[in-house]
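Please work through the following exercises on a pocket and its ligand. Each task is followed by a stepwise solution.

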Amino acid sequence: MTHDQATRSNEAGSELHMHVVADYAEVSRMAADVITRVVQENPEAAITLPTGETPRGMYQELVRRIQDGVLDFSRVQFFCLDEYWGKGVDDETSLTAWLDDVFLRPAGLDSDHVHFVPSLALDPVEGAAAYEQEIERHGGLRLAVVGLGPNGHIGFNEPGSPVDSRTRVLELTKQSRNQNAAYYDGESSIPDKAMTMGIATILDADLIVLIVSGASKADILKATLEGPITADVPGSFLRTVGERLIAIVDQEAASKIS
Ligand code: PGA
């Protein structure tokens with residue numbers, strides 16, 4: 001495995017763990033390794049894992065390990081990270097349906113252990129509060145894996161999301177709607193709102209893994225890891241958790257980091 005491990009001081013003086021690996025396959029494998037370790041050490045852990053193109057390879061790794069019997073996910077409490085507002089798992093254009101196809105079903109997860117974002121709740125405020133309580137009831141998130149949006153979002157926490165935000169409904173930016181247009185007929189059919197775990201929900205996790213791949217993410221990764229810590233780049237808040245953050249990025253994504 002070709003990777004560099006380094007630690008980088010953040011503003012608070014503690015250090016995040018930074019792994020720059022050769023390529024996407026290495027990002028996927030290393031992220032799966034971290035998840036495997038957490039689940040082996042905490043078989044009933046509450047965890048959240050992301051949707052998107054970045055985690056596809058990670059899910060393939062996890063499914064292979066689960067199907068080979070080397071990883072047991074049967075007692076994990078899986079919490080979905082985000083969803084379009086008004087869409088649920090039965091809607092084939094939802095993030096949860098994507099997750100179901102790519103991971104939940106192939107991995108054979110028990111539906112009793114899968115917690116959907118309450119994106120169909122009659123009352124979004126009550127639904128969001130109940131989701132936060134459900135996480136707490138399962139001991140809080142042991143692990144949160146997140147990707148990085150081209151605009152610096154984590155989950156669907158768009159620019160402007162405060163550091164103390166919790167699960168809520170918010171407006172999607174045009175950029176995020178464009179990013180996901182490939183899954184739909186075009187941007188106009190993409191919902192304009194989403195429900196997402198908040199920044200604080202993610203930062204409360206015992207361990208946070210950021211996965212980033214590809215040259216198209218080089219500028220936003222630099223802003224995230226080296227720019228100001230600001231709501232303009234929500235991913236930059238990850239640096240406030242010090243050594244609870246592991247960043248796993250490939251060389252292309254890291255190409256602009258000093
Ligand atoms: P991507 O999305 O993995 O499809 O690039 C990342 C994100 O928006 O969180």
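**Exercise 1: The pocket lining**

Strand 5 (82–84) and helix 3 (95–104) each contribute at least two residues to the lining of the largest pocket; helices (H or I, at least four residues) and strands (E, at least two) are DSSP runs numbered from the N terminus. The model is predicted: local features need pLDDT of at least 70, side-chain atom pairs count only at pLDDT 80 or more, and totals for chains, interfaces and linings use all residues. Residues are numbered from 1 along each chain as its sequence is written, and side-chain values use heavy atoms, without hydrogens and water.

Task: State which helix gives the most to the lining of the largest pocket, and classify the lining residues.

Solution.
1. Helix 3 gives the most, with 4 residues.
2. The lining divides into 13 nonpolar, 11 polar and 5 charged residues. Ala, Val, Leu, Ile, Met, Phe, Trp, Tyr, Cys and Pro count as nonpolar, Asp, Glu, Lys and Arg as charged, and the others, Gly among them, as polar.

**Exercise 2: The ligand shell**

Task: Identify the residues around the ligand and classify them.

Solution.
1. The residues around the ligand (a heavy atom within 4 Å) are G52, E53, T54, G147, L148, G149, H153, Q179 and K217.
2. This shell divides into 1 nonpolar, 6 polar and 2 charged residues.

**Exercise 3: Distances to ligand oxygen**

Task: Give the distance from a polar side-chain atom of Q179 and of K217 to an oxygen atom of the ligand.

Solution.
1. For Q179 the distance is 3.0 Å.
2. For K217 the distance is 2.7 Å.

Methods:
A polar contact is a pair of N or O atoms within 3.5 Å; within protein, one must be able to donate a hydrogen and the other to accept it, and residues adjacent in sequence count only if both atoms are side-chain atoms.
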